[in-house]
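Hello,

Here is the structure for you to look over. Please open it first, then read the notes below.

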Amino acid sequence: MRRVRAVLRIVAVLLALAGGGLYLASYFRGGCLLLGALLAWGFERRLALGADFGARVRALARRAAVPAAGIAAALLIGAAIMALTGYSPLASYEALFYGGFVRNWHISVLNAVPLVFTGLAIAFGFHGGLFNIGAEGQYLVGVMAATWLGIGMGLPPLVGMALIFLVGALAGAATNLVPALLKVKTGAHEVVTTMMFAYAIRTLAPIFIRAHGGDPANTAHPYVTDAVAEGVWLPLFKDFLPEANYRLHVGILLAVACAFLVHFVLTRTDLGYRIRAVGANATAARTQGISVAWITTLSLLGSGALAACAGITQVLGLDHRMFQNLDAGYGWNGISIALLARNHPLAIPFTALLWGVLDAGGQYMARTVQTPNAIIEIVKGILLFLLLAEVIYEKFGTILRDRLKGLLDRKREVRS
């Protein structure tokens with residue numbers, strides 16, 4: 001039995017890796033492999049849990065009911081808004097889902113790549129009890145570091161890419177060094193200090209661009225830097241999967257791998273235990289000999305490094321330069337991604353893809369059926385509100401169950 005379970009686990013992992021890679025590269029038949037991985041994992045769990053398997057499945061279904069209800073409710077409210085404003089909900093949603101999941105799937109994936117990193121950055125800080133709201137600034141630091149190192153770099157491709165990621169991540173971490181020290185030494189709130197640094201970094205972007213190819217006196221393109229060396233560009237899926245979209249790069253695989261790494265650090269290492277302990281109760285952690293100041297500093301530095309990786313991946317994988325009018329908002333959207341995923345690292349790629357689908361599908365919808373993309377932004381806001389209100393649902397459900405139980409108990413007492 002143990003050997004059968006081991007074989008099923010290996011099969012599930014191999015099918016998931018192959019299917020996930022193919023599906024992300026727009027090979028939709030990879031979904032069949034993902035389904036096979038799910039079946040293999042289900043059989044393995046059935047053998048492992050025995051009679052408890054049914055109870056586990058029902059518990060999982062109950063946990064999934066609230067998110068599913070939130071998504072359905074957000075879509076229904078969006079449909080009502082479309083109908084009231086004179087747009088067809090059926091045509092609009094048909095274009096939205098076709099655009100997001102099929103026609104513009106590659107755009108959905110490209111949108112999700114930086115969101116995975118910034119979502120992980122926010123979640124990492126949250127686990128340490130910190131709210132790193134300045135991820136947008138750390139993202140820009142990653143963009144500038146990758147651009148600066150990538151222009152004219154003559155190192156071998158793999159060495160150059162590794163060096164850029166290392167230095168860029170360190171630069172993102174260093175961006176949070178002053179907020180971390182202020183938090184530890186003076187108690188200054190990280191929401192204020194990281195936001196202030198984000199705005200300061202934003203004002204430095206035009207100066208950086210002028211210094212690296214965007215000088216109006218020397219170029220006809222003053223709002224963009226020179227391109228980074230082609231040798232440090234991230235590989236494209238098309239290099240080994242000919243039918244993949246020509247813009248899709250392996251950054252999505254790096255993002256997913258980073259999600260697994262963050263999950264491993266938080267759940268399987270002593271450092272992760274200390275971070276979660278400080279985030280849960282700093283006073284209790286201090287009484288157990290944990291240095292709250294040191295863990296707070298590491299949490300903010302790690303969060304900054306992850307946010308910077310979003311900018312690095314965007315430069316090396318897609319843009320290959322820095323633009324002055326860069327207003328992607330990946331750092332701000334990362335907050336929504338982390339909150340939707342309940343700060344679970346392995347859930348963040350899925351919520352990032354959901355956000356990417358809504359963005360890409362909304363663009364396709366606006367272009368084909370002329371339904372304003374602003375309605376999708378409303379749907380996203382409603383979705384975020386409803387899913388974050390799960391605690392309210394749970395409390396309301398508990399109160400309702402207690403009252404119903406009390407009424408039934410009183411009826412039984414009267415009858416007896």
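**Where two helices meet**

In helix 14, N333, S336, I337 and L340 meet I348, T351, A352 and W355 of helix 15. Contact means heavy atoms within 4.5 Å. Helices (H or I, at least four residues) are DSSP runs, numbered from the N terminus. The residues of this contact divide into 5 nonpolar, 3 polar and no charged. Ala, Val, Leu, Ile, Met, Phe, Trp, Tyr, Cys and Pro count as nonpolar, Asp, Glu, Lys and Arg as charged, and the others, Gly among them, as polar.

This is a predicted model: local features need pLDDT of at least 70, side-chain atom pairs count only at pLDDT 80 or more, and totals for chains, interfaces and linings use all residues. Residues are numbered from 1 along each chain as its sequence is written, and side-chain values use heavy atoms, with hydrogens and water left out.

How do the two axes cross? The axes of helix 14 (residues 330-340) and helix 15 come within 8 Å and cross at roughly 125 degrees. Axes are lines fitted to C-alpha atoms, for helices over the stretch in contact, and angles run from 0 to 180 degrees between N-to-C directions. That makes helix 14 oblique to helix 15. Oblique is what remains after under 35 degrees (roughly parallel), over 145 (roughly antiparallel) and 65 to 115 (roughly perpendicular).

**The largest pocket**

The largest pocket holds about 2,100 Å³ of space, the volume filled by probe spheres set on grid points joined across faces, edges and corners. A pocket is an open set of points on a 1 Å grid over the protein atoms alone, where a 1.4 Å probe fits, with protein on both sides within 12 Å along at least five of seven lines; lining residues have an atom within 4 Å of a point. Helix 10 gives the most to this lining, with 10 residues. The lining residues divide into 39 nonpolar, 6 polar and 4 charged.

Best wishes
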